[in-house]
Amino acid sequence: MDFKSSDTIPGPRTEDHLPHTAQAAVKIVIVGGFGVGKTTMVGSVSEIRPLTTEETMTQAGIGVDDNYGSDSKTATTVAMDFGRISITDKLVLYLFGTPGQERFWFLWNGLFEGALGAVVLVDTRRLEVSFDVMGRLEERGVPFVVAVNSFPDGPRYPVEELRTALDLAPDIPIMECDVRRRASSKDVLMTLMRFLHSLALSGALI
Ligand SMILES: Nc1nc2c(ncn2[C@@H]2O[C@H](COP(=O)(O)OP(=O)(O)OP(=O)(O)O)[C@@H](O)[C@H]2O)c(=O)[nH]1
Ligand SMILES: [Mg+2]
């Protein structure tokens, strides 16, 4: 293909460059059922413009994909979300959001490859989806924390009640969050980092 002399190939923007102090990069996956807020979380916390693979939801999805009354949700992830956040000068997290619709779950295995840890996003209106999600992480030996993304019409339960309902081991962190807020999403990631650090110290992280 010929390029006209005025054509320019866009290079990385300044904010896309990794800080030169970065010494370690860690892959984290964000998983959860359809429409639980995975793409929103990657977008709210990423310091680079996130890469998304959103496709518009069409009439064909009616009766198949229940968006639980979220009229603002018009698109769904069909492959993955990708973002990045520097936790410290030295530590960088690469974030991979998974697609939520079950017909795309076969892509998760590839996305889990090399992941050090995961965030399981939970919607209290659809707790049952979380069992499948956590089961897949357990099968792959990926440690995770659980973050409850509270929607206004979702039932509210004390966190410890949710721990019991989800049959979570006592050491697995569980917290509430609002993935639309950067600070809240960052708190979740910090909790995951602390959890992974404690597992590493105890020798449980392979
Ligand atoms: N009220 C409320 N709405 C939210 C919250 N989090 C996300 N949303 C909205 O809910 C919708 C779902 O968000 P997405 O980020 O697309 O969810 P997802 O998990 O990536 O969805 P899929 O990729 O389709 O599985 C969007 O319209 C968000 O604006 C929340 O905490 N509260
Ligand atoms: Mg998504």
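**Entry 1: the whole chain**

I began with burial and found that buried residues make up 44% of the 206 residues in the protein; buried means under 20% relative accessible area, exposed over 50% and partly exposed in between, with a 1.4 Å probe and protein chains only. I am working on a predicted model, where local features need pLDDT of at least 70, side-chain atom pairs count only at pLDDT 80 or more, and totals for chains, interfaces and linings use all residues. For my own bookkeeping, residues are numbered from 1 along each chain as its sequence is written, chains are lettered from A and ligands numbered from 1 in the order in which they are written, and side-chain values use heavy atoms, with hydrogens and water left out.

I then looked up the secondary structure, which comes to five helices and seven strands. These are DSSP runs numbered from the N terminus (helices are H or I, at least four residues; strands are E, at least two). Read along the sequence, I get β-α-β-β-β-α-β-α-β-α-β-α.

Contacts came next, a contact being heavy atoms within 4.5 Å. Among those between residues at least 6 apart in sequence, 73% join residues at least 24 apart.

**Entry 2: Val 92**

I picked Val 92 in strand S4 (residues 91-97). Val 92 counts as buried because its relative accessible area is 1%. Leaving aside neighbours within four places in sequence, I find Val 92 in contact with Leu 18, Ala 22, Ala 24, Ala 25, Val 26, Arg 84, Ile 85 and Ser 86. Leu 18 is 74 residues away along the chain, and the two C-alpha atoms are separated by 8.4 Å.

**Entry 3: around ligand 1**

Which residues come nearest to ligand 1? Of the 21 residues around ligand 1, they are Lys 38, Thr 39, Thr 40, Thr 76 and Asn 149; a residue is near a molecule or strand if one of its heavy atoms lies within 4 Å of it.

- Lys 38 has a polar side-chain atom 2.7 Å from an oxygen atom of ligand 1.
- Lys 73 places a polar side-chain atom 2.9 Å from an oxygen atom of ligand 1.
- Arg 180 has a polar side-chain atom 3.4 Å from a nitrogen atom of ligand 1.

Asp 123 lies in the loop between S5 and H3. Is Asp 123 buried or exposed? At 3% relative accessibility, Asp 123 counts as buried. I noted polar contacts from its side chain to the side chains of Arg 125 (2.9 Å) and Arg 126 (2.8 Å). A polar contact is a pair of N or O atoms within 3.5 Å; within protein, one must be able to donate a hydrogen and the other to accept it, and residues adjacent in sequence count only if both atoms are side-chain atoms. Not counting residues up to four places away in sequence, Asp 123 touches Val 36, Asn 149 and Phe 151.

Gln 101 sits in the loop between S4 and helix H2 (108-112). Gln 101 is buried, with a relative accessible area of 2%, and its side chain makes a polar contact with the side chain of Arg 103 (2.5 Å).

**Entry 4: cavities**

Grid points are joined across faces, edges and corners, and a volume is the space filled by probe spheres set on the points.

The count is two cavities of 30 Å³ or more. The largest has a volume of about 50 Å³, and Asp 123 and Arg 126 are among its lining residues. Strand S5 (117-122) and H3 each supply at least two residues of that lining.

The second largest cavity holds about 30 Å³, and its lining includes Thr 124, Val 148 and Glu 176.

**Entry 5: second largest pocket**

I found about 350 Å³ of space in the second largest pocket. Of its 17 lining residues, the closest to its centre are Gly 141, Val 142, Pro 143, Ala 204 and Leu 205. Helix H3 (127-140) and helix H5 (182-201) are the elements that give two or more residues to this lining.

**Entry 6: Asp 167**

My last stop was Asp 167, in the loop between helix H4 (159-165) and strand S7 (174-177). Asp 167 has a positive phi of about 60° although it is not a glycine. Asp 167 is exposed, with a relative accessible area of 65%.

Conventions. 1 Å grid on protein atoms, 1.4 Å probe; cavity = no way out; pocket = protein on both sides within 12 Å on 5 of 7 lines; lining within 4 Å.
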